[in-house]
Amino acid sequence: MQLPVKISYRGLEKSDQIDNLVLNYSERLERFCDHINRCDVAIEQTNHNHNKGNPYRCRIDLTVAPRHELVADARQMDNGIHEPLKKVIHDAFKTMERELRGVVEKQRREVKTHADMRSPK
């Protein structure tokens with residue numbers, strides 16, 4: 001199954017290189033979960049304040065059947081060190097990968113649950 005990925009850009013030019021990077025990461029997500037319905041990726045430059053550069057932000061919205069919506073958001077830290085856009089996208093997809101693994105484990109009932117802690121009467 002080919003995952004439908006919608007990529008939107010805000011405040012920066014569309015790039016085939018970034019599109020290919022996002023599509024490669026989304027294929028990795030498909031390996032963990034084969035019932036992803038939708039994947040929207042928004043890449044933006046959050047502000048145009050040139051005193052501190054133009055930090056990037058990447059937000060991923062994912063819909064997994066049945067009834068799960070996951071959101072991962074990665075942005076540059078405001079510590080004076082600006083990470084390249086590829087790093088921000090990588091961090092967002094790693095966060096989404098962790099969230100997706102958690103949902104899949106719950107669906108497969110692989111999450112450990114604690115026994116009822118009430119004392120017997």
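Start by selecting Tyr25: this residue is buried, with a relative accessible area of 16% (buried means under 20% relative accessible area, exposed over 50%, partly exposed in between, with a 1.4 Å probe and protein chains only). Before you click on, know that this is a predicted model, where local features need pLDDT of at least 70, side-chain atom pairs count only at pLDDT 80 or more, and totals for chains, interfaces and linings use all residues. Residues are numbered from 1 along each chain as its sequence is written, and side-chain values use heavy atoms, with hydrogens and water left out.

**Stop 1: the ring partner**

A search of the whole structure finds 1 aromatic pair, and here it is: the ring centres of Tyr25 and Phe93 are 5.3 Å apart and the planes sit at 20 degrees, so the pair is stacked. (Rings of Phe, Tyr and Trp, the last by its six-membered ring, pair if their centres lie within 6.5 Å; planes under 30 degrees apart count as stacked, over 60 as edge-to-face and the rest as tilted.)

Now colour the two helices. Tyr25 lies in α1 (residues 16-32) and Phe93 in α2 (residues 85-107), so the pair ties together parts that are 68 residues apart in sequence. (Helices are DSSP runs of H or I with at least four residues, strands are runs of E with at least two, and both are numbered from the N terminus.)

**Stop 2: the cavity**

Which helix gives the largest share of its lining? That is α1, with 3 residues.

(On a 1 Å grid over the protein atoms alone, a cavity is a set of points where a 1.4 Å probe fits but cannot get out; a pocket is an open set with protein on both sides within 12 Å along at least five of seven lines; lining residues have an atom within 4 Å of a point. Grid points are joined across faces, edges and corners, and a volume is the space filled by probe spheres set on the points.)

**Stop 3: the pocket**

Next, select Lys6, Ile7, Ser8, Arg10, Asp40, Val41, Ala42, Glu44, Arg57, Cys58, Arg59 and Asp61, the lining of the largest pocket. Strands β1 (5-10), β2 (36-45) and β3 (56-64) each give two or more residues to this lining. The pocket's volume is about 150 Å³.

**Last stop: zoom out**

Show the whole chain as a cartoon, and you'll find 2 helices and 4 strands, in the order β-α-β-β-β-α along the sequence. Of the 121 residues, 34% are buried.
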